[in-house]
Structures are given as C-alpha cells and as structure tokens.
Amino acid sequence: MSNAVVNGMAGAGGGIVAQIITYPLQTVNTRQQTERVAKKDSTLPPATSPARGTLVQIFQVIKSEGLGGLYSGLKPSLLGTAASQGIYYSFYQAFKNKAEAIAAANRKKGRGDGSPGMLSWLLVAALAGSVNVLLTNPIWVLVTRMQTHTQAERKIVEAKREALLKEASENVLTRSSLQDQLAALDSVKPRPYGTLQAACEVFNESGITGFWKGIIPTLIMVCNPSIQFMIYETSLKYLRAKRATRKQHLKDITALEIFLLGALAKLGATVSTYPLLVVKSRLQAKQEIGGNISLRYSGTLDAIVKMIRYEGLSCFYKGMSTKIVQSVFAASVLFMIKEELVKAYALVTNKSQKILSNVAK
C-alpha cells in the first residue's frame with residue numbers, strides 16, 4: 001500500500017474519532033456563527049439575544065431538543081469527515097512526496113538542504129485543500145443546514161409572531177383571533193429534517209449550484225490548513241532535528257508531543273482565518289428567515305457588506321472561543337491518532353516482511 005493511501009486512511013480514521021468527540025461543540029459553534037443580532041444603529045429588526053456561554057447553549061439545546069439536537073447532521077458529517085480527511089491526506093502526501101523529491105533533486109544541484117521550505121509546505125497544503133474543498137463542499141452544505149435547522153425554524157416562528165402582534169396593534173386582528181393564531185403558532189412542531197430533506201431544500205432554493213454555496217470563502221480558507229500544516233511540519237522538523245542531536249533512542253516523537261504540535265498548529269490557523277468561516281456558514285445556512293431581505297445573502301460580497309452594515313465587524317468573530325476549543329482539540333486528537341495508525345501500519349508491515357523473509361529462507 002502506498003504511503004499516500006496509508007496516510008489518507010489514517011487521516012480519515014483520526015478525523016472520524018475527533019469529529020464524534022467534538023461534534024456538540026461544532027453544532028453550537030455553527031449556530032453561534034449564523035445567529036443574526038443587529039447592532040444598535042442598524043435597521044435590522046431586533047432579534048432575541050442568544051444565550052451567553054457555550055456550556056449554557058449546550059444545556060439549552062439539550063433541554064429544548066434533547067441530546068440528539070447536539071448531533072444534528074452527524075451522519076453526513078462523519079461521511080464528510082472521512083471523505084475530506086481521506087482526500088486531503090492522500091493528496092497532501094502525494095504532493096508532499098513530490099515536493100521532497102524536488103528538494104532532494106535541488107540538493108544534488110547544490111541548492112538547499114534537501115528538505116522542502118515553508119513556501120513548499122504552504123503550496124502542498126493549498127493544492128490538497130483545493131481538491132478537497134471542490135469535492136466535499138456539498139456534504140458540508142447539508143451538515144450546516146441540519147445543524148442550524150431548528151434555529152432557522154425558531155426565527156421563522158418569531159417573525160410570524162411579530163407580524164401577528166403588529167396586525168393586532170393596528171386593529172387588523174381581534175383579541176380572540178390573535179390568541180387563536182398565537183396558540184396555533186405555538187402548537188407547530190419542528191418538521192422532520194434529515195439529510196434527504198436538507199438536500200431537497202437546498203436544490204429547491206438554488207438548484208444544483210446551491211450545493212457549492214460558500215465555495216469562494218471556503219476556497220480562500222484553504223489557507224487555514226496551509227497555515228496549520230506549515231506550523232505543524234516546521235515544528236515537527238525542528239523537534240526531530242533537535243532530538244537527533246541527542247541519544248538515538250530518543251529520536252521518535254511521542255503521541256503527546258504530536259498532540260501538542262497539532263494543537264499549536266490549529267490554534268494559529270483558526271485565529272487567522274475565522275472570519276471566512278463565519279461567512280461560509282452564513283452562506284450555507286437557510287436564507288429564507290422571516291422573509292427579511294437583510295437576512296438573505298446572494299453571495300460572498302453581499303454577505304460581507306450586509307454583515308458589516310447590519311451587525312458590525314464583531315459578527316465576524318461570533319463563537320470564536322468555542323471554535324478554538326473545538327478545532328484545536330479535534331486537530332490534536334486527529335494528528336495523534338493519525339500518526340499512531342501510520343506507526344502501527346509500519347510496524348505490522350515490517351513484522352510481516354520479516355516473517356515472509358524467514359519463511360523464504
């Protein structure tokens with residue numbers, strides 16, 4: 001089995017475990033990113049302020065939707081994680097092998113030390129990330145829809161309630177009629193919403209192109225894993241070089257060190273690219289919320305302009321603390337498990353080769 005395939009499968013396995021562990025934080029974070037709250041001088045209708053604190057929001061979701069509310073969209077998310085990590089690591093390793101071959105060739109010509117530089121790591125990660133984004137974006141559109149469905153339905157109900165109260169204040173509705181309609185509104189239960197329903201909704205809204213909503217900020221966000229892997233590979237290279245100068249048996253990097261390097265790399269990447277992630281989530285979430293045009297985005301530029309106009313610059317950093325905790329922990333677990341799986345495969349392969357060699361003798 002090739003090195004690229006081994007890394008792809010190990011990355012997929014690590015990604016699935018990390019996703020399951022941190023998914024509740026991811027669900028809450030997506031809802032935080034897509035929550036519209038107008039700034040004081042905005043013409044956007046005032047919205048109900050979301051609960052403060054990630055833990056408070058987690059308990060509120062459990063209270064109103066049950067534990068399953070924290071895992072909305074988990075099935076397509078696991079599929080997306082497996083596909084995404086598998087595709088990314090396979091192409092990353094393939095491009096990495098090519099970069100290392102080029103660096104080795106340059107060393108023979110008297111240029112460089114035989115290892116790829118920072119620019120090479122950035123390019124390798126960017127190319128692998130672009131392929132990954134183009135192939136898996138439809139899955140993440142569905143995941144975002146499923147994570148924010150209950151939130152969007154609640155906004156629609158709130159808008160209908162406000163419309164009824166406005167009609168009553170203008171004497172269009174009688175008091176008894178208002179009470180009946182409000183009671184009917186309160187009795188409405190959220191519709192069943194699975195992967196198929198999400199896919200049909202996206203297609204009915206925007207056709208086949210709807211599955212690639214948010215593709216522009218997502219492609220720009222390829223720099224996130226690029227920065228992440230640049231930090232990771234550079235730190236790993238430094239640690240191995242430093243370890244090599246000591247006793248030979250201490251040269252191997254431990255799982256804890258991989259965990260910490262993964263955390264450091266993801267932290268740097270997340271902080272620098274978070275606003276793009278918020279824009280992506282806004283574009284992929286349900287647009288028809290309460291029939292208010294200020295809440296709908298026709299594209300990336302439209303989303304950015306409306307977010308600044310109606311909510312202010314702070315909206316680009318909504319839920320960032322939650323994302324940092326979720327993504328850093330997920331990346332740390334992923335890197336640790338991936339490296340251990342690769343080591344385990346190498347160990348099994350070496351033992352198998354020794355056994356076959358002994359049998360041949």
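Tutor: Apart from its neighbours within four places in sequence, Asn-132 is in contact (heavy atoms within 4.5 Å) with Ser-84, Ile-87 and Tyr-88. Before going further, please note that the model is predicted, so that local features need pLDDT of at least 70 and side-chain atom pairs count only at pLDDT 80 or more, while totals for chains, interfaces and linings use all residues. Residues are numbered from 1 along each chain as its sequence is written, and side-chain values use heavy atoms, with hydrogens and water left out.

Asn-132 belongs to helix H4. Helices (H or I, at least four residues) and strands (E, at least two) are DSSP runs, numbered from the N terminus. With a relative accessible area of 9%, Asn-132 is buried; buried means under 20% relative accessible area, exposed over 50%, and partly exposed in between, using a 1.4 Å probe and protein chains only. One of its contacts, Ile-87, is 45 residues away in sequence, yet the two C-alpha atoms are 5.9 Å apart in space.

Gln-19 sits in helix H1, which covers residues 3-34. When neighbours within four places in sequence are left aside, the contacts of Gln-19 are Gln-26, Ser-77, Leu-78, Thr-81 and Trp-140.

Let us return to H4 and consider how it packs. Two packed helices are described by the angle between their axes and the distance between the axes. The axes of H4 (residues 118-169) and H6 (residues 195-206) come within 9 Å and cross at roughly 105°. Here the axes are lines fitted to C-alpha atoms, for helices over the stretch in contact, and the angles run from 0 to 180 degrees between N-to-C directions. H4 and H6 are therefore roughly perpendicular to each other; angles of 65 to 115 degrees count as such, those under 35 as roughly parallel, those over 145 as roughly antiparallel, and the rest as oblique. Val-141, Leu-142, Arg-145 and Met-146 come from the H4 side, and they meet Thr-195, Ala-198, Ala-199, Glu-201, Val-202 and Glu-205 of H6. The residues of this contact divide into six nonpolar, one polar and three charged. In this grouping, Ala, Val, Leu, Ile, Met, Phe, Trp, Tyr, Cys and Pro count as nonpolar, Asp, Glu, Lys and Arg as charged, and the others, Gly among them, as polar.

Charged side chains also join H4 to H6. Glu-205 and Arg-145 meet in a salt bridge of 2.9 Å, N to O; a salt bridge is a side-chain nitrogen of Lys or Arg within 4 Å of a carboxyl oxygen of Asp or Glu. Because Glu-205 lies in helix H6 and Arg-145 in helix H4, this pair ties together parts that are 60 residues apart in sequence. Arg-145 counts as buried at 2% relative accessibility, whereas Glu-205, at 30%, counts as partly exposed. Arg-145, Glu-201 and Glu-205 are linked in a network of salt bridges.

By the same rule the count comes to nine salt bridges. Among them is the one between Glu-233 and Lys-96, in which the closest N and O atoms are 3.6 Å apart. Glu-233 lies in helix H8 (residues 223-244) and Lys-96 in helix H3 (residues 74-108), so this pair ties together parts that are 137 residues apart in sequence. Both Glu-233 and Lys-96 are buried. In another salt bridge, Glu-311 and Lys-318 meet at 3.4 Å, N to O. Glu-311 is buried at 6% relative accessibility, and Lys-318 is buried at 19%.

The loop between helix H10 (300-311) and helix H11 (320-360) contains Gly-312.

Finally, consider the whole chain. It has 11 helices and zero strands, and 45% of its 361 residues count as buried. Among contacts between residues at least 6 apart in sequence, 82% join residues at least 24 apart.
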